[in-house]
Amino acid sequence: MTVAVLAAGLAGCSEPAPYRQESYVFGTRVELTIAGTPEPAARSAAADALALLDSLHQRWHAWQPDSEVAGLNRAFAAGRSAPVAPDLAGLLRQAQEYETRADGLFSPAIGALVARWGFHGDHYASAPPSADTVRALARQQPRLADLTFSDNRVASRNPAVQLDLGGVAKGWALDAVRARWVKAGLRSALLNIGGNILALGRHPDGTPWRVGLQHPRAAGAMATVTLDDGEAIGTSGDYQRYFLAAGGRRYCHLIDPRDGSANCRLQSATVIVPPSADAGARSDAATKPIYLGGVASAMSYARRFGIEAVLLVDGQGEVWVSPAMARRLAWQAKPSRIHLLT
């Protein structure tokens, strides 16, 4: 999952204060900022967004026994097909395409590995699973490519496929909420779901929105960055959902589908996605291959997702930025060393 990014719009001196509301959905904090809209309409738009997010969370929760995703997982394990709602089928097809672009380094089919590592809950494990268990699960090679769709039903050729949509659902929800807000006539808003942020329009003072990037090893923002209309930003990192095992070794929820490891290769990976109908979903999914692939392949994977603005913090805390990202950054805690990604 992505990690917390601190949202902060630029202050406007002549406009009324934006309407703001916070909630807790998808197991993370949600922040809504709606500007340039009368408060009753803004309140209604916020309520509609939160109702949608809550519905998606209940339906797509991987480890709630009565959720749609849990039902699909039971069917796959038993070798059966199951009915699938149109929106969930659309998300799964979209995620299949992302999985291909990512060479399988993004794959919501590895829910069994996520569960075995102890990240299917609010309290995480204090020790890693056995290496034999992890290798056995990884050898089954569950992939979204195993899914087939027919007549509003979905099946899996591989019974090891267990869906966990935590790596894409928040981003997909950003796009869904933005579409509703555009239809409702909103012109200026910022939506933050656990650090995945999407901008609608500009701040009322005419400038781009500005958001803060959480420092992976310190309180507060490492830098701020601008977001223009339709752009989305996403971060994956090792500092929100993780545990420290004996000896202080860190394991995080960013599990490598190739071998099932959770070795926290980087501290964080951040991308900005250009405007598109799936900007939110791409901001969520693309950070996984960039994170797992590391510095050497970061820009190759980014460009497969149509992304040029990338920031990495490596395992030693050194920062790597692409030229497109560097132009947007205003450092709050400037690193001692900054490397260029090309």
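The charged end of Arg101 sits over the ring of Phe305, 5.3 Å from its centre. Likewise, the charged end of Arg250 lies over the ring of Tyr242, at 4.2 Å from the ring centre. Here a charge sits over a ring if NZ of Lys or CZ of Arg is within 6 Å of the ring centre and within 35 degrees of the ring normal. The model is predicted: local features need pLDDT of at least 70, side-chain atom pairs count only at pLDDT 80 or more, and totals for chains, interfaces and linings use all residues. Residues are numbered from 1 along each chain as its sequence is written, and side-chain values use heavy atoms, with hydrogens and water left out.

Seven aromatic pairs are found in the whole structure. Rings of Phe, Tyr and Trp (its six-membered ring) pair if their centres lie within 6.5 Å; planes under 30 degrees apart count as stacked, over 60 as edge-to-face and the rest as tilted. The ring centres of Phe119 and Phe243 are 6.0 Å apart and the planes meet at 35°, so this pair is tilted. The pair links distant parts of the chain, 124 residues apart. Phe119 lies in the loop between helix H4 (111–116) and helix H5 (131–139), and Phe243 in strand E12 (residues 242–244). Helices (H or I, at least four residues) and strands (E, at least two) are DSSP runs, numbered from the N terminus.

Phe119 is buried, at 0% relative accessible area. Phe243 is also buried, at 5%. Buried means under 20% relative accessible area, exposed over 50%, partly exposed in between (1.4 Å probe, protein chains only). Trp117, Phe119, Phe243 and Tyr251 form one aromatic cluster.
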